[in-house]
Structure formats: structure tokens, C-alpha cells
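The sequence and structure are shown first.

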Amino acid sequence: MLVETVKLSRIVMKLTPELVPFLTSHELDSEIVLRYGLEALEANDVMEIIQFSISEHQKEAFYH
């Protein structure tokens, strides 16, 4: 199994570049671990990853 760690910005730019303006630089800089690598992702997967990333960053802001 290919495991790959990439920045969220790379994922978004490759599959859904129209969403870049809606994400913060902190979110775009997040490292995401992909179980099957970047090549296995589809646009639907990107939306799920973005939602999770935003949620995690909101939790982070709440606890600081």
C-alpha cells in the first residue's frame, strides 16, 4: 500500500483549484496523509479532506 504525505494545497491545486480562495494559508499548509497516494484521489475525496481540515483548525483555534 502506498502511503503519501502531502500538503493540502497540493491536493486542492491538483483536483479542485477553484476552492483555493476559500481556504486559509494555515489550512492550505496542513499536511495530509493519503493512504493510497495522491493519484488515487477524486474530487469527492478532496471535499471530505477539506471539511476535516477546516474542522480540525477550528478545534485548534478553540483550544488556544
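A salt bridge is counted where a side-chain nitrogen of Lys or Arg lies within 4 Å of a carboxyl oxygen of Asp or Glu. The model is a predicted one: local features need pLDDT of at least 70, side-chain atom pairs count only at pLDDT 80 or more, and totals for chains, interfaces and linings use all residues. Residues are numbered from 1 along each chain as its sequence is written, and side-chain values use heavy atoms, with hydrogens and water left out.

**Salt bridges**

By the rule above, the count comes to 4 salt bridges. Three of them are described here. Glu4 and Arg10 meet through their side chains, with 3.7 Å from N to O. Lys7 forms a salt bridge with Asp29, where the closest N and O atoms are 3.0 Å apart. This pair links distant parts of the chain, since Lys7 is in strand β1 (residues 4-7) and Asp29 is in the loop between α2 and β2, 22 residues apart. Helices (H or I, at least four residues) and strands (E, at least two) are DSSP runs, numbered from the N terminus.

The side chains of Lys7 and Glu31 also meet in a salt bridge, at 4.0 Å from N to O. This pair too links distant parts of the chain: Lys7 is in strand β1 and Glu31 in strand β2, 24 residues apart. Through shared partners, Lys7, Asp29 and Glu31 are joined into one network of salt bridges.

| Salt bridge | N to O distance |
|---|---|
| Glu4 and Arg10 | 3.7 Å |
| Lys7 and Asp29 | 3.0 Å |
| Lys7 and Glu31 | 4.0 Å |

How open these side chains are is given by relative accessible area: buried means under 20%, exposed over 50%, and partly exposed in between (1.4 Å probe, protein chains only). Lys7 is at 33% relative accessibility and so counts as partly exposed. Asp29 has a relative accessible area of 46% and is partly exposed. Glu31, at 57%, counts as exposed. Arg10 is partly exposed, with a relative accessible area of 46%.

In helix α1 (residues 8-15), the residues Leu8, Ile11 and Val12 are buried. Seen down the axis of α1, its buried residues fall within an arc of 95°, so they line one face of the helix. The arc is that of the directions from the helix axis to the C-beta atoms.

A nonpolar core is a set of buried Ala, Val, Leu, Ile, Met, Phe, Trp, Tyr and Cys residues joined through side-chain atoms within 4.5 Å. Which residues touch the most other members of the largest nonpolar core? Of its 14 residues, these are Ile11, Val12, Leu34 and Ile50. At least two residues of this core come from each of α1, β2 and α3 (43-63).

Contact means heavy atoms within 4.5 Å. Not counting residues up to four places away in sequence, Ile50 touches Leu8, Val12, Thr16, Leu19 and Leu23. Thr16 is placed in the loop between α1 and α2. With a relative accessible area of 4%, Thr16 is buried.

**Ser30**

Ser30 lies in the loop between α2 (25-28) and β2. Is Ser30 buried or exposed? At 12% relative accessibility, Ser30 counts as buried. Leaving aside neighbours within four places in sequence, Ser30 is in contact with Val6, Lys7, Leu8, Ser53 and His57. Ser30 and Ser53 are 23 residues apart along the chain, and their C-alpha atoms are separated by 7.6 Å.

**Other positions**

Glu56 lies in helix α3 and counts as partly exposed at 31% relative accessibility. Ala40 is found in the loop between β2 and α3 and is partly exposed, with a relative accessible area of 44%. Ala40 and Leu2 are 38 residues apart in sequence and 9.9 Å apart in space, C-alpha to C-alpha.

Val33 lies in strand β2 (residues 31-34) and counts as exposed at 57% relative accessibility.
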